[in-house]
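The following note sets out several points for a colleague who is about to examine this model.

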Amino acid sequence: PGGPSESASEGCQQAARTFVPQIPTVFVLVDRSGSMFDENPPGSGQNAWGSLRRGVLQVIAELQSEVRFGFGAFSGQGATCPDMPSTEPALDNQPAIANLYESLERSTFKDTPTMLALEEVSELLWSDPVPGSKYILFVTDGEPDYCDDGNALCPPDSVVGRLQKMTAGLDDAGNQNEPIQTLVFGIDSPLSTISPEVLAAFANAGAGQPVAAPGAALAGIFDQCSGVPGWAADFATTGKVAVRGATIGDYVAVGGNATVYRPDPNDQAELVTQIRAALAGVKSCAFDLGGDGVQVDVSRPDLGALARVSINGVAVPFDAVNGWRMLSGTTVQLEGAACEAWRVPGETAIAFDFPCDVIVIR
């Protein structure tokens with residue numbers, strides 16, 4: 001996608017006063033369980049791991065100047081739970097991520113400790129001092145577990161609870177942090193074990209939408225999971241009363257409609273298209289005025305008539321619902337349809353024309 005450009009008009013911004021997009025951070029978290037490495041289809045010499053790696057690295061290369069990318073691949077077993085080689089987020093980070101990603105082979109550990117991996121990543125992102133929205137792009141093909149091969153009903157509840165905490169910005173101590181949203185990719189292949197209902201629950205929880213309980217009545221979760229050490233430890237962090245019907249996650253009868261990306265790993269073009277589409281949604285719709293000691297006079301009643309914003313040459317209305325507005329004297333925010341237009345995958349250019357009449361010295 002193209003970056004912001006200056007308009008061709010005579011606005012006072014033309015020389016040096018440009019609005020630049022806030023930089024989002026995306027941590028790509030990939031399931032490294034054995035099934036990701038199994039031939040698919042058998043005898044083809046291909047697997048989901050290799051196809052996904054090529055697609056992820058291609059899209060990171062395209063966006064690395066606009067998005068801070070980090071990367072981690074997780075598995076686990078026994079006392080090593082999780083095992084997660086990782087690269088911390090940074091701009092222009094594709095070479096470092098490629099160096100690690102391409103070095104990883106099938107793990108010697110067989111389990112999928114999704115909740116613990118998400119916990120580590122959320123702590124890393126919350127300790128990251130760089131401002132901007134934070135996201136996780138989570139890729140899996142298997143049901144989560146506690147590294148114990150126990151009841152498969154219990155770990156998804158732990159994951160939903162973790163994702164809901166992250167979207168609320170709450171750590172285990174109850175401290176308020178910036179929200180972290182999670183984009184969910186469920187590799188679609190005959191080798192996949194994770195169910196569509198579990199993936200939908202993860203996607204809705206990761207987007208802050210209502211979540212329908214996957215796979216069982218709510219009473220069944222407590223009945224079957226209260227004696228499972230991993231579930232019990234996670235439940236203890238919720239502060240909820242341990243009674244029948246209690247769960248780690250918060251559920252409703254009808255869940256939301258967050259997108260679950262289901263790429264076929266054997267269709268490389270479609271895989272890349274879906275990764276691009278997911279990451280287009282993390283592009284920031286907030287643009288900051290450069291730090292040259294000026295700001296926009298937001299008190300002017302004629303601001304919307306004098307200042308102009310356009311996307312791909314089309315004027316964006318001065319409108320707090322589906323256009324642009326001033327979030328502060330130094331930040332332009334795109335809302336609704338305008339934000340969606342800016343995030344459309346492909347070559348997208350935005351231009352700002354803010355004449356000298358609306359610019360004041362700070």
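1. C81 and C147 are joined by a disulfide, with an S to S distance of 2.2 Å. The model is a predicted one. The torsion about the S-S bond of C81 and C147 is about 90°, so this disulfide is right-handed. C81 belongs to strand 5 (residues 80–83), while C147 sits in the loop between strand 7 (134–140) and helix 4, so the pair ties together parts that are 66 residues apart in sequence. C147 has a relative accessible area of 12% and is therefore buried.

2. A disulfide also links C154 and C225, whose sulfur atoms are 2.2 Å apart. Its torsion about the S-S bond is -95°, and the link of C154 and C225 is left-handed. C154 is located in helix 4 and C225 in helix 6 (residues 218–225), so parts of the chain 71 residues apart in sequence are tied together. Both ends are buried: C154 has a relative accessible area of 0%, and C225 has a relative accessibility of 0%.

3. In the disulfide formed by C285 and C339, the sulfur atoms are 1.9 Å apart. With 85° about the S-S bond, this link is right-handed. The pair connects distant parts of the chain, 54 residues apart: C285 is in the loop between helix 8 and strand 10 (286–289), and C339 is in helix 10 (residues 336–343). C285 counts as buried at 4% relative accessibility, and C339 is buried with a relative accessible area of 12%.

4. The structure holds three disulfides. When the bonded cysteines are counted along the chain, the pattern is 1-2, 3-4, 5-6.

5. Helix 4 (residues 154–168) packs against helix 5 (residues 196–207) at an angle of about 20°, and their axes are 7 Å apart. Because the angle is under 35 degrees, helix 4 is roughly parallel to helix 5. The crossing of these two helices is right-handed. P156, V159, V160, L163, Q164 and T167 of helix 4 meet V198, A201, F202, A205, G206 and A207 of helix 5. By class, this contact has nine nonpolar, three polar and no charged residues.

6. Helix 1 (residues 48–63) and helix 8 (residues 268–280) pack at an angle of about 45°, with 9 Å between their axes. That angle makes helix 1 oblique to helix 8. Their crossing is right-handed. On the side of helix 1 the contact involves S51, L52, R54, G55, V56, Q58, V59, E62 and L63, which meet Q268, L271, V272, I275, R276 and L279 in helix 8. The contact of helix 1 with helix 8 has eight nonpolar, four polar and three charged residues.

7. Apart from neighbours within four places in sequence, Q94 is in contact with L57, I60, A61 and Q64.

8. K110 is found in the loop between helix 2 (94–101) and helix 3 (114–126). At 46% relative accessibility, K110 counts as partly exposed. Leaving aside neighbours within four places in sequence, K110 is in contact with S33, G76, Q77 and D149. E123 is 13 residues from K110 along the chain, and the C-alpha atoms of the two are separated by 24 Å.

Methods
Residues numbered from 1 in each chain as written. Predicted model: local features only at pLDDT ≥ 70, side-chain atom pairs only at ≥ 80, totals over all residues. Heavy atoms only, no water. Axes fitted to C-alpha atoms, helices over the stretch in contact; angles between N-to-C directions. Helix = DSSP H or I, 4+ residues; strand = E, 2+ residues; numbered from the N terminus. Parallel < 35°, antiparallel > 145°, perpendicular 65-115°, else oblique. Left-handed = near helix turned anticlockwise from the far one by under 90°. Contact = heavy atoms within 4.5 Å. Nonpolar A, V, L, I, M, F, W, Y, C, P; charged D, E, K, R; others polar. Buried < 20%, exposed > 50% of the residue type's maximum accessible area, 1.4 Å probe, protein only. Disulfide = S-S within 2.5 Å.
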